[in-house]
Amino acid sequence: MCQHQPPCPTAESADREAAHPLAHFPEQGWSLLCNGVLLFEDTGELLPDGKIIDPHRPLDSRNIATAA
């Protein structure tokens, strides 16, 4: 699917989010990457085969509890 040189990571690659966006709709909270991945603003993903990747954004340091 990707025509970029060097080619973008495939949807199965660990770095799949590095693919170029084909369509970007920030008002709706998603982007379509050239490898067929739907990337949502909460960092969740929908892969071309229908697999769902849960959101994985880092926690804000204000929300991290530490043991005393």
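Phe-25 is partly exposed, with a relative accessible area of 30%; on this scale a residue is buried under 20% relative accessible area, exposed over 50% and partly exposed in between, using a 1.4 Å probe and protein chains only. Trp-30 likewise counts as partly exposed, at 23% relative accessibility. A search of the whole structure finds 1 aromatic pair. That pair is formed by Phe-25 and Trp-30, with 4.8 Å from centre to centre and 35 degrees between the planes, and it is tilted. Rings of Phe, Tyr and Trp (its six-membered ring) are paired if their centres lie within 6.5 Å; planes under 30 degrees apart are called stacked, those over 60 edge-to-face, and the rest tilted.

The model is predicted, so that local features need a pLDDT of at least 70 and side-chain atom pairs count only at pLDDT 80 or more, while totals for chains, interfaces and linings use all residues. Residues are numbered from 1 along each chain as its sequence is written, and side-chain values use heavy atoms, with hydrogens and water left out.

The protein contains 0 helices and 5 strands. Helices (H or I, at least four residues) and strands (E, at least two) are DSSP runs numbered from the N terminus. The strands form an open sheet in the order S1-S2-S3-S4-S5, with antiparallel pairing. The edge strands are S1 and S5 (52-53), each of which pairs on one side only. Two strands are regarded as paired if DSSP finds at least two bridges between them. Strands of a sheet pair through backbone hydrogen bonds, either parallel or antiparallel.

The sheet can be followed strand by strand. S1 is hardly covered, for the count of buried residues among its 5 residues is 0. S1 pairs with S2 (residues 30-33) in the antiparallel sense over 4 bridges. Within this pairing, Ala-23 stands opposite Leu-32, and Pro-21 has Leu-33 as its bridge partner. The hairpin of S1 and S2 has 4 residues between the strands, and Gly-29 there takes a positive phi near 85 degrees.

S2 has two faces: Ser-31 and Leu-33 lie on the covered one, Trp-30 and Leu-32 on the uncovered one. In a regular strand the side chains alternate between the two faces of the sheet. S2 also pairs with S3 in the antiparallel sense, over 3 bridges, and Leu-38 in S3 is the bridge partner of Leu-32. These two strands form a hairpin with 4 residues between them, in whose turn Gly-36 has a positive phi of about 90 degrees. S3 and S4 in turn pair over 2 bridges, again in the antiparallel sense; here Leu-38 has Leu-46 in S4 as its bridge partner.

The loop between S3 (38-40) and S4 (45-46) holds Thr-43. Although Thr-43 is not a glycine, it has a positive phi of about 75 degrees. Thr-43 is buried, with a relative accessible area of 19%. Pro-58, in the segment after S5, is 15 residues from Thr-43 in sequence and 9.6 Å from it in space, C-alpha to C-alpha. Pro-58 is exposed, at 72% relative accessible area.

The segment before S1 (21-25) includes Pro-6, and the peptide bond from Gln-5 to Pro-6 is cis, with omega near -5 degrees. Arg-16 also lies in the segment before S1. Arg-16 is buried, with a relative accessible area of 13%. Leaving aside neighbours within four places in sequence, Arg-16 is in contact (heavy atoms within 4.5 Å) with residues including Ala-11, Leu-33, Val-37, Leu-47 and Ile-53.

The largest nonpolar core has 8 residues in all: Cys-8, Ala-11, Ala-19, Leu-33, Cys-34, Val-37, Leu-47 and Ile-53. Such a core is a set of buried Ala, Val, Leu, Ile, Met, Phe, Trp, Tyr and Cys residues joined through side-chain atoms within 4.5 Å. In soluble globular proteins, nonpolar side chains tend to be buried together.

For the protein of 68 residues, 25% count as buried. The accessible surface comes to about 5200 Å², of which 57% belongs to carbon and sulfur atoms; such areas come from the Shrake-Rupley method with a 1.4 Å probe, and for residues only the protein chains shown count as cover.
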